[in-house]
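Please look over the sequence and the structure shown below. The paragraphs that follow lead through selected parts of the fold, step by step.

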Amino acid sequence: MAAGFGAEAGQALLESVVTFGLLIALSVAIINFGFIFRTLISVTNAANVGAMVASTSTTAANNLTAISGAALAESDLWHCVNPAVSRALQTDGDGNPSVSVTVSCAVVDLIAFPGVPSEVNIARTVVRRIMP
């Protein structure tokens with residue numbers, strides 16, 4: 001009877017180790033996804049703010065330093081490596097001048113898993129008409 005009890009205890013221990021290991025891995029994956037999603041929302045907001053600043057006038061649309069400064073000021077607690085801001089002047093379908101602002105960065109995972117990319121590139125572009 002004692003031998004059977006030891007085998008059952010060993011099996012329960014093994015099942016617990018496997019279950020807790022998978023639970024921890026799943027928890028870390030959910031937290032990583034949360035950080036990446038939060039950064040995605042922040043990058044989208046930064047592109048929106050940069051486009052809003054650029055759309056105030058043609059002079060503002062040509063000032064990449066001001067656009068970058070406004071966009072990157074929105075970067076509170078990003079998990080980005082080398083965020084970049086770019087802009088392009090264009091005309092919309094009605095012939096009105098518009099500006100396109102793109103914010104991009106690479107998000108590094110909190111914990112690297114083998115076989116899973118440790119870096120995710122995020123880029124968001126916002127297009128706005130330039131006010132006359």
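**A buried aspartate and the sheet beside it**

Asp-109 is buried yet takes part in no salt bridge, and the nearest side chain of opposite charge, that of Arg-38, is 14 Å away. The model under discussion is a predicted one. A salt bridge would require a side-chain nitrogen of Lys or Arg within 4 Å of a carboxyl oxygen of Asp or Glu. Asp-109 is located in the loop that runs between strand E2 (97-108) and strand E3 (119-129). Setting aside residues up to four places away in sequence, Asp-109 touches Asn-32, Ile-36, Pro-117 and Ser-118.

In general, the strands of a sheet pair through backbone hydrogen bonds, in either a parallel or an antiparallel manner.

The two pairings can be taken in turn. E1 and E2 run antiparallel and are joined by 10 bridges; within this pairing, Arg-87 has Val-101 of E2 as its bridge partner. The hairpin of E1 and E2 has five residues between the strands, and in it Gly-95 takes a positive phi near 85 degrees. E2 and E3 also run antiparallel, joined by 11 bridges, and here Ser-98 stands opposite Arg-129 in E3.

Apart from neighbours within four places in sequence, Ser-104 is in contact with Asn-82, Pro-83, Ala-84, Ile-122 and Ala-123. Between the C-alpha atoms of Ser-104 and Ala-54, which are 50 residues apart along the chain, the separation is 17 Å.

The last stop is Glu-74, in the loop between helix H3 (64-73) and strand E1 (80-91). Is Glu-74 buried or partly exposed? Its relative accessible area is 36%, so Glu-74 is partly exposed. Not counting residues up to four places away in sequence, Glu-74 touches Asn-45, Ala-46 and Val-49. Glu-74 and Val-120 lie 46 residues apart in sequence and 20 Å apart in space, C-alpha to C-alpha.

Note on methods:
Residues are numbered from 1 along each chain as its sequence is written. This is a predicted model: local features need pLDDT of at least 70, side-chain atom pairs count only at pLDDT 80 or more; totals for chains, interfaces and linings use all residues. Side-chain values use heavy atoms; hydrogens and water are left out. Helices (H or I, at least four residues) and strands (E, at least two) are DSSP runs, numbered from the N terminus. Buried means under 20% relative accessible area, exposed over 50%, partly exposed in between (1.4 Å probe, protein chains only). Contact means heavy atoms within 4.5 Å. Lys and Arg count as positive and Asp and Glu as negative; His and the chain ends are not counted. Two strands pair if DSSP finds at least two bridges between them.
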